[in-house]
Each structure stands twice: as C-alpha cells, then as structure tokens.
Amino acid sequence: MEGQKLYVVVPCYNEEEVLPETVRRLTEKLRSLMDRGLAGPGSRMLLVDDGSRDRTWELIQGFHRENPLVEGVKLSHNRGHQNALLAGLMTARELCDVSISMDADLQDDIDAIDAMLEKYREGCDIVYGVRNNRDTDTAFKRGTALAFYRFMSAMGADTVYNHADYRLMSRRALDGLAQYREVNLFLRGLVPMIGYRTATVEYRRGERFAGESKYPLSKMLNFAIDGITSLSVRPIRVMTLLGGLLFGGGCLWLLVLLVLFCLGRGAQGVTWAVASVWTAAGLNLLGLGLIGEYLGKIYLETKARPRYLIETALLHEAG
C-alpha cells in the first residue's frame, strides 16, 4: 500500500468564491500526505466544472497552469452534482490507485483524509466519511435530515447514516462502480451495493467557507425522490398493500351497508361511504403518480443518453 497514487475528486458548480481556498488547503494536504508516505508521487486533486456560469473554469485553468497538483475536467453542460462527481471518479479511475471525493465548500474536514487512507492501508476498499454531529445545522435541517435517512431506510434504500459524498474508493471499487450503467444516479445508494470491505471515519462538519448552498429544500426533496425510486420498488409494493387493504375495507363496508339496508337502516353510513370514496380516489391518484415516477425513470433509462460529456480535460503527465 506504500506510495499509492491518490486523486481527490471535487465537483464544482459556481464555486469561484471558495475555490482558491479549497485549492490552497488541498495542496497543503496532498504535499503533507506525500511527504509522510500516505500518498504516492503523482497524487493530484481533480476539479470537475459542472457547467458553471461564473469564473470557476477560468480559475481551474489558472490553478492548473501554476500548480502541478491541480487537474481539471470541464463538462459540456450542467449535469448535476451526481453526474459531475461520477465524471470525476471515472476520469480518476484511469489515473489513480485510490480516490477520495469531497465537495468544494470545505464543510468536509480535510484532515479526515488521513484516517481514510489508514483504513485503506488496512485493506478497506471503501471508506465513508460520516458526520459525528449536526451542531452547525438548524433544528429544521436536523429534523429533515433524520427524516430523510429513516424514510430512505424504510423504503428499502441502503444508505449510510449521516454520510453524503465524502468517501474513499479504491481502484477496485471504482471498477465496480463503472459497471453500474443507470442514468438515474444516486451514488449514496449505489456505492454500498458494490460490496467489498468497508469502514467509516467520523468527522466534524464545519460551516460553508464561502458562497451559497447548492442544495435548497426543493433540491433535497427531489434528491430523496430520485434516490428512493432509483434504488427500490418498495414504494410500489406499499401502494399495492394499501390498495388491497382499502379494497378489502370497501368490500366490508359495502357488506355492512347491505345489512343495514336489509334492516331498514340504509340511510345511515352514507357520509362514511362518501368519505371512503374520496379516500380511495386520493389513494388511486397517489398510486398513479408513483407509477408515473417509475415509468419516467424507465423512459430515461431506455433512452440510454450519456450521463455526461467532457468538453475539456486538463491533465498533467503521469508522475
């Protein structure tokens, strides 16, 4: 494991405010790791520009010219965080022995990289960076985050609690990830499917260094829906079960109404019958919407469109 070439993959979208500090800190970390033998010569950071509208790519080009540890990839169009991350990982896969992915906002503790590499040297192919607290979050965000992980688990999605996309992956794990070809990406759920030996490293997540969060509540909700429908069919099964229970209850209620009618009390229970019809109609529409969500996923998968296109790659010669 001595001298393994490390690539730190950082997806970037409109990160001009934070990027200079991110590059500075990662440069110091990579040099320290190489000096101590935790990372081999030729280790790099790979910055992936996800179609930014600010000066992000211009900055990456400048860093690449001035800093031998900086490499860059520019996507031809904004494809979203997960696709940008995948583009970086698949590019690094051909160049490195081990990769670590992290966001550009410096909320992930860079010093946790040392512990991740130690786990890798012990034989782990995947190491998850896991938050040990949420003190920096608002009460609302803490509550919604907890609900997110619990709901994902209840719906059959195998995810690591309090883990985002700060993780180490060996070359073997990256090769495994490359075999997953779906268009609808949810890497937090796909990576656990790879298997191999895994470990976790806890770290304290800090405040965003600069700029604005790229994940407001609306995006988080869409992210959760994409994750659930991309990884599990349990929601459809739940709707099937609810439909069966509702149908059985409706049949039983009709039987009760028939008995009441035979006893001359047919007028009673009409309000409940109407309520049952409305409940059934609402459940039916919810089920149709859920099925439509899955059909939409199938539609996108059958098109087999490319998940990303690389417009420009700035890579140094292998060292």
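1. The model is a predicted one. On that numbering, S52 sits in the loop that links strand 2 (44–49) to helix 2 (56–66).

2. S52 has a relative accessible area of 13%. Because the cut-off for buried is under 20%, S52 counts as buried. Leaving aside residues up to four places away in sequence, S52 touches C12, Y13 and N14. There is also a polar contact between the side chains of S52 and D49, at 2.5 Å.

3. The sheet is open and has eight strands in the order 7-5-6-4-1-2-3-8, with mixed pairing. Strand 7 (198–203) and strand 8 (310–314) are the edge strands; each has a single partner strand, so one side of each lacks a neighbour in the sheet. From one strand to the next, the twist averages 20 degrees.

4. Strand 4 (residues 98–101) and strand 6 (residues 163–170) run antiparallel and are joined by four bridges. I100 has L168 in strand 6 as its bridge partner.

5. Helix 1 (residues 19–35) packs on the sheet, where it touches strand 1 (6–12), strand 2 and strand 3 (70–75). The direction of helix 1 makes about 155 degrees with that of strand 2.

6. Helix 6 (residues 171–178) lies across strand 4, strand 5 (126–131) and strand 6. Relative to strand 6, helix 6 runs at about 115 degrees.

Notes. Residues numbered from 1 in each chain as written. Predicted model: local features only at pLDDT ≥ 70, side-chain atom pairs only at ≥ 80, totals over all residues. Heavy atoms only, no water. Helix = DSSP H or I, 4+ residues; strand = E, 2+ residues; numbered from the N terminus. Buried < 20%, exposed > 50% of the residue type's maximum accessible area, 1.4 Å probe, protein only. Polar contact = N/O pair within 3.5 Å; in protein donor to acceptor, adjacent residues only side chain to side chain. Contact = heavy atoms within 4.5 Å. Pairing = 2+ DSSP bridges. Axes fitted to C-alpha atoms, helices over the stretch in contact; angles between N-to-C directions.
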